[in-house]
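Work through these exercises with the sequence and the structure side by side. Try each task before you read its solution.

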Amino acid sequence: MREYMSHQERRELWHERIATFYDSGLSAVRLCTKHGLKPHQLWYWARRFRDEASHGVIPAFVSVVTEDAQTTTAPITLRVGKIEIDVRPGYDSRVLVELVHMLVTRPC
């Protein structure tokens, strides 16, 4: 690797590393040991990308009532980026909030 790397090149490199980390299923320490990285750098970049992704993005939920609210069992499809979530009657709103938050803040 050359001595100097532009800011954009460094960002792209760390974006790839963070994606590899999330996809690997390994602990941060194990992944860093395997790839010769420092865990504090991994967490710094993960936090930086998460904060940038969520900057100004506040997930908001609205109540949705269908015409046939008493008898419907059809799901409502919620799209977050490329992900689609079918929300069915009786869903746990806390789990949905956590799921959407994770999808919004996780680097792509």
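**Exercise 1.** How far does helix 4 (residues 93-105) reach from its first C-alpha to its last?

*Solution.* Start with the ground rules. This is a predicted model, in which local features need pLDDT of at least 70 and side-chain atom pairs count only at pLDDT 80 or more, while totals for chains, interfaces and linings use all residues. Residues are numbered from 1 along each chain as its sequence is written, and side-chain values use heavy atoms, with hydrogens and water left out.

Now the helix. Helices (H or I, at least four residues) and strands (E, at least two) are DSSP runs, numbered from the N terminus. Helix 4 has 13 residues and reaches 18 Å. That is close to the 18 Å expected at 1.5 Å a residue; the expected span is 1.5 Å times one less than the number of residues.

Look at its start as well. A side-chain oxygen of Asp92 comes to within 3.0 Å of the backbone nitrogen of Arg94.

**Exercise 2.** Find the buried residues of helix 4. Which residues are exposed on the other side?

*Solution.* Begin with the terms. Buried means under 20% relative accessible area, exposed over 50%, and partly exposed in between (1.4 Å probe, protein chains only).

- Step 1: Leu96, Val100 and Thr105 are the buried residues of helix 4.
- Step 2: They cover an arc of only 150° around the axis, which puts them on the same side of helix 4. The arc is taken from the directions from the helix axis to the C-beta atoms.
- Step 3: Arg94, Val95 and Glu98 are exposed on the other side.

**Exercise 3.** Which residues make up the largest nonpolar core?

*Solution.* A nonpolar core is a set of buried Ala, Val, Leu, Ile, Met, Phe, Trp, Tyr and Cys residues joined through side-chain atoms within 4.5 Å.

- Step 1: The largest core has 11 residues: Trp14, Ile18, Phe21, Ala28, Leu31, Cys32, Leu37, Leu42, Trp45, Ala46 and Phe49.
- Step 2: Helix 1 (7-24), helix 2 and helix 3 (39-54) each give two or more residues to this core.
- Step 3: Helix 3 supplies the largest share, four residues.
- Step 4: A second, separate core has five residues, including Val80, Ile85, Val87 and Val100.

**Exercise 4.** Is Ala53 buried, partly exposed or exposed? What is Ala53 in contact with, leaving aside its neighbours within four places in sequence?

*Solution.* 

- Step 1: Locate Ala53 in helix 3.
- Step 2: Its relative accessibility is 34%, so Ala53 counts as partly exposed.
- Step 3: Beyond those neighbours, Ala53 is in contact (heavy atoms within 4.5 Å) with Val104 and Thr105.
- Step 4: Ala53 and Val104 lie 51 residues apart along the chain, yet 7.0 Å separates their C-alpha atoms.

**Exercise 5.** What pattern does the chain follow along the sequence?

*Solution.* Count four helices and two strands. Then read them in order: α-α-α-β-β-α. Finish with burial: of the 108 residues, 18% count as buried.

Notes: Polar contact = N/O pair within 3.5 Å; in protein donor to acceptor, adjacent residues only side chain to side chain.
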